[in-house]
Amino acid sequence: MPAEAKVPASTARPAAQHASSPLTERQEARRRRILHASAQLASRGGFDAVQMREVAESSQVALGTLYRYFPSKVHLLVATMQDQLERMHGTLRKKPPTGETAAERVAETLMRAFRALQREPHLADAMVRALTFADRSVSPEVDQVSRQTTAIILDAMGLEDPTPEQLSAVRVIEHTWHSALITWLSGRASIAQVRIDIETVCRLIDLTA
């Protein structure tokens with residue numbers, strides 16, 4: 001990880017601490033500006049284009065303040081992915097999937113989310129790379145991404161109280177979706193192949209019904 005992505009432990013305040021206590025309205029507005037700046041820079045030039053100093057300048061916050069919210073670029077980009085998924089979730093709720101079965105609805109939902117990421121390939125690549133680079137220190141942010149993906153899938157299934165078997169199927173579907181993103185971004189899979197893989201793994205839902 002580039003040296004600029006790290007700060008001394010004495011000055012860094014993990015982003016997870018913000019999640020443990022509610023942000024004030026001003027803090028939340030600042031955090032949203034930071035995430036917006038991160039997404040804008042990533043959409044223009046991918047992972048390498050997201051430099052902490054430029055994010056601070058674009059979001060009009062001090063560099064030290066940025067590091068108190070996000071201790072590294074990886075923390076920031078994983079949080080950016082969670083934010084993007086949350087936005088997608090809101091859009092999906094406004095226009096729910098129309099498939100007759102839970103498997104069809106989940107496949108339709110994940111392909112819609114995939115196409116949204118496809119429209120911003122540099123941003124998608126930056127966020128997926130950050131997930132790949134994430135170590136234990138980024139676990140809270142990675143967990144947020146996983147929870148958001150799970151919520152999207154469960155909404156499509158129409159479930160509020162899933163069984164352990166259904167949650168296991170959801171985890172396998174999540175792994176396949178993330179893997180499909182990686183193989184597509186690396187040019188090793190076409191959109192048609194991604195669709196086939198997602199539709200295939202979503203059939204696991206039928207086995208847990």
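**Stop 1: two helices crossing**

Start by selecting helix 2 and helix 3: helix 2 passes helix 3 in a right-handed crossing. (A crossing is right-handed if the near helix is turned clockwise from the far one by less than a right angle, and left-handed if anticlockwise.) Before going on, know that this is a predicted model, where local features need pLDDT of at least 70, side-chain atom pairs count only at pLDDT 80 or more, and totals for chains, interfaces and linings use all residues. Residues are numbered from 1 along each chain as its sequence is written, and side-chain values use heavy atoms, with hydrogens and water left out. Helices are DSSP runs (H or I, at least four residues), numbered from the N terminus.

The axes of helix 2 and helix 3 come within 8 Å and cross at roughly 125°. Those axes are lines fitted to C-alpha atoms over the stretch in contact, and angles run from 0 to 180 degrees between N-to-C directions. The two helices are therefore oblique to each other (under 35 degrees is roughly parallel, over 145 roughly antiparallel, 65 to 115 roughly perpendicular, and the rest oblique).

Now show side chains. Arg 33, Ile 34, Ala 37, Ser 38 and Leu 41 of helix 2 meet Glu 54, Val 55, Ser 58 and Ser 59 of helix 3; contact means heavy atoms within 4.5 Å.

**Stop 2: the two sides of helix 3**

Stay on helix 3, residues 52-59, and pick Met 52, Val 55, Ala 56 and Ser 59: these are buried (under 20% relative accessible area; exposed is over 50%, partly exposed in between, with a 1.4 Å probe and protein chains only). They cover an arc of only 100° around the axis, which puts them on the same side of helix 3. That arc is taken from the directions from the helix axis to the C-beta atoms. Turn to the other side and you'll find Arg 53 and Glu 57 exposed. What do the buried residues of helix 3 pack against? Select helix 2 (25-45), helix 4 (63-69) and helix 5 (73-94) to see their partners.

**Stop 3: Gln 60**

Step into the loop between helix 3 and helix 4, where Gln 60 lies. Its phi is near 60°, a positive value in a residue other than glycine. Most residues other than glycine have a negative phi. Gln 60 is exposed, with a relative accessible area of 67%.

**Stop 4: helix 8 and helix 9**

Finally, select residues 139-157 (helix 8) and 164-185 (helix 9), which pack at an angle of about 115° with their axes 10 Å apart. That makes helix 8 roughly perpendicular to helix 9.
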